[in-house]
Amino acid sequence: MLWAESPRAFVRKDFFGIFSLEMNTRNKVIIKEKDLELDLSLQPLTIRDLTVSYNRKPVIWDIDLSIPKGYLVGIVGPNGAGKSTLIKACLDLVPRTSGEVMIYGKTYHKERRRVGYVPQRESVDWDFPVSVLDVVAMGTYGRLGWMRRVSKRSKALSMEALDRVGLVDYANRQISQLSGGQQQRTFLARALVQDADIYFMDEPFSSVDAATERAIVQLLKDLKKLGKTVIVVHHDLSTVSQYFDWTVLLNMRVVSAGPTEEVFNQDNLRRTYGGKLTLLTQAANEIARN
Amino acid sequence: MPELADIWNVLFLHDYNTRLVVLSTMLLGCACGLMGGFLLLRKRSLMGDTLSHATLPGVALAFMLAVALGGDGKSLHFLLSGAAITGLLGCWAVLFIRNNTRIKDDAAMGIVLSVSFGTGVALLGLIQNMPEGSSAGLESFIYGKTASMVLSDFRILLLVTLCVLVCTLLLFKEFRLLCFDEGFAGALGWRVRYLDVLLLALVTAVTVTGLQAVGLILIISFLISPAAAARFWTNQLDRLLLLSALIGGVSAWLGASLSAFFPRLPAGAVIVLVATTFFIVSMLVGSERGLLIRHLRLKQLKIRMGRQHLLRALYEILEGIRPEGDFVLRAVPLIQIRGRRTWTDSHLRAYIRRACKEGLIETPTFDGSIRLTKIGLEEAALMTRNHRLWELYLIEYADVATSRVDRDADRVEHVLGEEIVKSLESKLQTYQSAGSLVPNSPHPIVLGD
């Protein structure tokens, strides 16, 4: 067999093995081995064996995850479960201790143009001297390349995105004049301009007004219709089954992942938020100490 | 005192030596202003301080090395290279401490800054005891010695300023994103670290070349003050940088010229004082975020609020005494208005005077009764309507308890634009009682006595 010839190939085969198993059980689809390479490149996100640590303390452990195309995915878990870290590791923003992340079967760096990102709203200084339109146009920087000026086309695209989030009238305002919900919409518009196939959003619903929350949900649904995959860090358990059709329950490790109606149940929630939380944290502290 | 002609000569650079010195410091001012803008927004202003203090051991070590190798030790390029190396080492040490221990930025900077400066001073002491070491002049790196600048200094400064200018023009968009949202820049696949290193390298170049002019203690003010001053005037990064460079350049020009009149006055200190003056003036009267403008805006808001409160109080009183039929414009006793809110007499009188001037109410009668004019009634009705729409909106959509709505709405209402009001109106049409312009209040109104 071709794959068994080199150690590298062996790892890949092992990888495919897991992948095919998941597809078999979840989607009830039998996939022939030779088709797997093709299928992997259709898979928006595949994470295998991912561990990330800060200061020698593991934040997430042995994450194995594959997200199918065209789903709205909610990542849910208690505070400190590593939800944001998981997203940041996918985007290559934090160093990985082990494991790999594949975007459409390739490394993040190769496929970064197909990825859109909405960081946590609190991660930036909203007093920064920049206009709403400027922030949204930052979404085009990835395509522009270094040292190129923002073109008229980019600006037109940005205005279009602002229109989609209902902020056209605010285009030339300074960002400090925005309310929390408007700030969040600005970030969403910036991600829309990226015109990506897979979106990562870090707590887009955190402390926004009801109108913004509805607007964001509508936007997510529109993205899904276009066949985009959206992965959202979410903290409000009451809206999970309403917003997301795929759920990842995370608490340092993946407690459960799959279609929301199958995964999002009392038992799994208890395993995510319940007594085992303290045990895991203790173990992590132990490792840090040694 | 200097003669007028002297002042003219110095200010407009007639004398070769002054021209050189003043032009050099102006270049430095512009470069510092530009880099300072980025440092300020990257929240790394104090990094410049660490860097400048950490240059001192470099200067001393370079001198000792040069002497040991048989040179005269005063080669400027050599000394500045040494300064740059230890300066960068200092920055690296801060980052190392921050990233590998639990000590935060400020403490790490404090440690590195004082230790490196102490080391530098100790090394200078050693040099003075060296038999062959004519160390005289090395202290000028601490306080700066502008008057001693020569053509070669000017050339270096010109080169550095050009570098800074070109990098800013080419990488404006990149630096802006780096300063605003590092994470997003990283997600775009940018090597954020390279950008940071480039920024730091430029700051180092500016700082090191500026050592001679203003000295390592004062250069930090040169990096921070112009940028901080410019921040009060604008909310756009390109203008901020332009203004910051301008303020840096002008401070340098004025400062260096001033010190040329008074031989004992060190230029570095005067420049810093001028830059600080710019900062203080900007802080007070800056057109975007100056204290004065903010005070005026707040005051305006208060007046607007007071006027709205007055009109609404009048409207609600009239509404309360209205017979089932028409709305009658009656005079309302002052005491009844006062009972509607917890406003002081002087404030209330001021609001009334103002409303009177605007033609919203008629001049108060002898007994202190107040009567709305026709325009005033329209205005009051409109305001009451907006207010109630907002209250209803809160109740409808945000589950805010009825008892709490009034206070909240008071504040938010004043920032509501016409646009939002319109959308509220359409959303809340069902609440409008038929035939009446102003919907009823969603909660019982407590009328004052």
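**Sheet of chain A, interface and model confidence**

Strand β1 (residues 45-54) of chain A is joined to β2(A) by seven bridges, the two strands running antiparallel. Strands (E, at least two residues) and helices (H or I, at least four) are DSSP runs numbered from the N terminus, and two strands pair if DSSP finds at least two bridges between them. Leu50(A) has Ile63(A) as its bridge partner in β2(A). The structure is a predicted model, in which local features need pLDDT of at least 70 and side-chain atom pairs count only at pLDDT 80 or more, whereas totals for chains, interfaces and linings use all residues. Residues are numbered from 1 along each chain as its sequence is written, with chains lettered from A and ligands numbered from 1 in the order in which they are written.

In chain A, three strands form an open, antiparallel sheet in the order β2-β1-β4. Its edge strands, β2 (57-67) and β4 (98-103) of chain A, each pair on one side only.

Between the chains, 22 residues of chain B are in contact (C-beta atoms, placed from the backbone, within 7 Å) with 19 residues of chain A. On the side of chain B that touches chain A, α8(B) gives the most, with five residues.

The model scores ipTM 0.82 and pTM 0.81. Among the elements of chain B, α8(B) has the highest mean pLDDT (95) and helix α17 (residues 402-413) the lowest (45). Residues 399-412 of chain B have pLDDT below 50, and this stretch has 18 contacts in the model beyond near neighbours in sequence.

Terms used
Contact = placed C-beta atoms within 7 Å. pLDDT = per-residue confidence, 0-100.
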